[in-house]
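Take a look at the model below. We'll go through a few spots in it, one at a time.

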Amino acid sequence: DLTVNEGKIEFTNVSFQYPGTAEMVLEDISFKINPGETVAILGATGAGKTSLFQLIPRLYDVTGGIVKIDGHDVRKMKMENLRRKVGFVPQEALLFTGSVKENISWGKEDATMVEITAASVNAQIHETIMNLPQQYDTRVGQKGVNLSGGQKQRLSIARALVRMPKILLLDDSTSALDMKTEAKLLGALKEYTCTTLIITQKISTAIEADRILLLEDGKLLAEGDHDSLLKTSGLYKRIFQS
Ligand code: CTP
Ligand code: MG
């Protein structure tokens, strides 16, 4: 899509340790992601996937190296601009007691119903919402309806989409979705033309992506699409066959 010209991410020799700890969580990571690309970050638990994500909206700063968005060092960007560009869907969906609508527009209170609905359609949660007792006005959380893990994940994705981010970071946010719903979601995100990084432990998710980054013990072991990784990475092949 030629209209996409924002949402480029560049890591150059990035290393990271949490403040006050001695352990290197990420070591010498370099990669580039083009605007509009969908890239899966694949790796075992503790590999450093969430830590890597946190460096993009500056929940933490790098210990060494540089993270750039659209050519700008994130540390030199205005926090407001950075947070507007980057939508981060955390590993645990955080919903509060309130209506579905309020939960989706949280942090963007001026969102219109049209925008909220569009975000929900793309997040593959609109139909579920329409089947709730008061649709978008249904209360969730305490004294409200209970949503399933996968429904919470999609609501949390809709919350990120309503802000129209140029970069969307999904931290294992599709782990509770079936393969068909997940494929529809990823397809809809392509229509949105935002750069999408999706952390996953599922090979099926990785296969759907344009490219895969394989992390192990804080290191970038391999990158490429499914077919090339099968040929070049022993670890990837083992994950695929397991
Ligand atoms: N870590 C830490 N302090 C934190 C969070 C994580 O020291 N506040 C460490 C963890 O102990 C781990 C490493 O950082 O050794 C990487 O953690 P993380 O990035 O959270 O790993 P993930 O790949 O995201 O693991 P998972 O799939 O379980 O989410
Ligand atoms: Mg994680």
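## Thr21 and its loop

Thr21 sits in the loop between β1 (9-16) and β2 (26-33); strands here are DSSP runs of E of at least two residues, helices are runs of H or I of at least four, and both are numbered from the N terminus. This is a predicted model, where local features need pLDDT of at least 70 and side-chain atom pairs count only at pLDDT 80 or more, while totals for chains, interfaces and linings use all residues. Residues are numbered from 1 along each chain as its sequence is written, chains are lettered from A and ligands numbered from 1 in the order in which they are written, and side-chain values use heavy atoms, with hydrogens and water left out.

With a relative accessible area of 38%, Thr21 is partly exposed (buried is under 20%, exposed is over 50%, and partly exposed is in between, using a 1.4 Å probe and protein chains only). Its side chain reaches the backbone oxygen of Tyr18 at 2.7 Å. From Thr21 to Ala111 you'd count 90 residues in sequence, and the C-alpha atoms are 41 Å apart in space.

## The magnesium ion

Which residues hold the magnesium ion (ligand 2)? Thr50 (OG1) and Gln91 (OE1) coordinate the ion, at 2.0 to 2.5 Å. Donors are N, O and S atoms within 2.8 Å of the metal (3.2 Å for Na, K and Ca), and because water is not among the atoms, sites may look incomplete. The pair brings together distant parts of the chain, 41 residues apart: Thr50 is in helix α1 (residues 49-54), and Gln91 is in the loop between β6 (86-89) and β7 (98-99).

Both residues are partly exposed: Thr50 has a relative accessible area of 22%, and Gln91 has 39%.

## Around ligand 1

Gln91 turns up again here: an N or O atom in its side chain is 2.7 Å from an oxygen atom of ligand 1. The protein covers 66% of the 610 Å² of accessible area that ligand 1 has on its own (Shrake-Rupley method, 1.4 Å probe). A polar side-chain atom of Gln201 lies 2.9 Å from a ligand 1 oxygen, and Gly46 uses a backbone N or O atom, at 2.8 Å from a ligand 1 oxygen.

## Gln124

Buried or exposed, what is Gln124? Gln124 counts as buried, at 18% relative accessibility. You'll find Gln124 in the loop between α4 (113-122) and α5 (126-130). Setting aside neighbours within four places in sequence, Gln124 is in contact (heavy atoms within 4.5 Å) with Arg154, Thr181, Lys184, Leu185 and Ala188.

Definitions and conventions. A polar contact is a pair of N or O atoms within 3.5 Å; within protein, one must be able to donate a hydrogen and the other to accept it, and residues adjacent in sequence count only if both atoms are side-chain atoms.
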